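Subject: Structure handover and findings

Hi,

Here is the structure for you to look over. My notes follow below it.

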Amino acid sequence: MKRREFIVLIGASAAWPAVAQAQRQPTLGLLSSDELADWAIKPFRAALGEGGYFEGRNLTVIHRSAENQFDRLPALAAELVKSQVSVIFATGSPVPARAAKAATATIPIVFAYGGDPVSDGLVESFNRPGGNVTGATFIGTALTSKRMELLREIFPQVSDVALLVNPKGTLAEIQIKEAKAAAQAFGLTLHVVNVVSEREFDEAFATMSRLKVGAFLASTDPLFGFNGRGLHITKALPYGIPAICNGRVDAVSGGLVSYGADLPDTWRQAGVYVGRILKGEKPSELPVVQPTKFELVINLKTAKQLGIEIPSTLLNRADEVIE
């Protein structure tokens, strides 16, 4: 072989690994307890796009949903780890993130849900997550008292209220405790109504009707809204039971009032973090994103449908009124 040909061959072979690496696009593993609503997945994908990542173009996405069978999550997380994904986005509740964390200590994990990631054992602290896990939370479990206060302001004569809960949810116990304390503080009798699937919604609202419940709150759980169907809102309307909701997405679906963070923004923030991690940043150096603004949304269309008069003082405080 001539010397010049040999040099060209060596140079080309040395470039092969670089070419292969350039062609190997990152893979995102999406782990969820159930299918995600459009209001959650769309801002997440939009944030990825803003970071320069597009599914099918320069990003491969592997989605694994437990379909509300939480015992499947460890195996699904292990499957993503075996696939050697670049990042795992675990969402819907703390359970997918816990399963992912148990499956790997090296692959970065980003979460998005409505609980406290410190007490849920996902991070060491909000500012310094430590390890391989970080994400965004809308802190849905900490606003029960405020929502109960709104309920009392709208319905001063109501004595009985309900909390709709999935007893199998990881956030159920703490939310029941908070709701009982808030109801007692406002002189209300709280009825805890359990449902574990959408098939039980009609029975749940029939029970509330028999109990003469004046209004209800839904706990933070993937069953109530994260699958995008909003049945816990629409199925309550024929029974004439108004809903005091966790976020704007529920008020748009027909809830009477919502108070909470901008829920889609939580998923957008998670998408931003996934993009930054794909570019080389470490989860341990990315503080958990918390909401900085809480919005009050009133659905006047629902109020008129149910024959409810919203106090003008509350309307004046609203960030948005749906008519």
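In what sense do strand 8 and strand 9 pair, and over how many bridges? Strand 8 (residues 215–218) pairs with strand 9 in the parallel sense, over two bridges. Pairing here requires that DSSP finds at least two bridges between two strands. Leu-217 has Ile-244 in strand 9 as its bridge partner.

First, the ground rules. This is a predicted model, in which local features need pLDDT of at least 70 and side-chain atom pairs count only at pLDDT 80 or more, while totals for chains, interfaces and linings use all residues. Residues are numbered from 1 along each chain as its sequence is written, and side-chain values use heavy atoms, with hydrogens and water left out. Helices (H or I, at least four residues) and strands (E, at least two) are DSSP runs, numbered from the N terminus.

Ser-258 sits in strand 10 (residues 257–261). Is Ser-258 buried or exposed? Ser-258 counts as buried because its relative accessibility is 1%. The cut-offs: buried is under 20% relative accessible area, exposed over 50%, partly exposed in between (1.4 Å probe, protein chains only). The Ser-258 side chain reaches the backbone oxygen of Gly-247 at 3.4 Å. Leaving aside neighbours within four places in sequence, the contacts of Ser-258 (heavy atoms within 4.5 Å) include Cys-245, Arg-248, Glu-295 and Val-297.

Strand 1 (residues 27–32) pairs with strand 2 in the parallel sense over six bridges. Thr-27 has Thr-60 in strand 2 as its bridge partner. Strand 3 and strand 4 also pair in the parallel sense, over four bridges. Phe-89 stands opposite Val-110 in strand 4.

Strand 4 is mostly covered: five of its five residues are buried. Ile-109, Phe-111 and Tyr-113 point one way, Val-110 and Ala-112 the other way.

Thr-104 is in the loop between helix 4 (94–103) and strand 4. Thr-104 has 7% relative accessibility and therefore counts as buried. A polar atom of its side chain lies 3.0 Å from the backbone nitrogen of Ile-107. Not counting residues up to four places away in sequence, Thr-104 touches Val-81, Ile-88, Ile-109 and Asn-132.

**Rings and charges**

A search of the whole structure finds eight aromatic pairs. Rings of Phe, Tyr and Trp (its six-membered ring) pair if their centres lie within 6.5 Å; planes under 30 degrees apart are stacked, over 60 edge-to-face, the rest tilted. Phe-205 and Tyr-239 form a tilted pair, 6.3 Å centre to centre with 35° between the planes. Phe-205 lies in helix 7 (residues 201–210) and Tyr-239 in the loop between helix 8 (231–234) and strand 9 (243–245), so the pair ties together parts 34 residues apart in sequence. Phe-205 is buried at 0% relative accessibility, whereas Tyr-239 is partly exposed at 32%.

Trp-39, Phe-138 and Trp-267 form one aromatic cluster.

Two charges sit over rings: Arg-57 lies over the face of Phe-54, 4.3 Å from the ring centre, and Lys-146 over the face of Tyr-259, at 5.7 Å. The criterion is NZ of Lys or CZ of Arg within 6 Å of the ring centre and within 35 degrees of the ring normal.

Best wishes

Definitions and conventions. A polar contact is a pair of N or O atoms within 3.5 Å; within protein, one must be able to donate a hydrogen and the other to accept it, and residues adjacent in sequence count only if both atoms are side-chain atoms.
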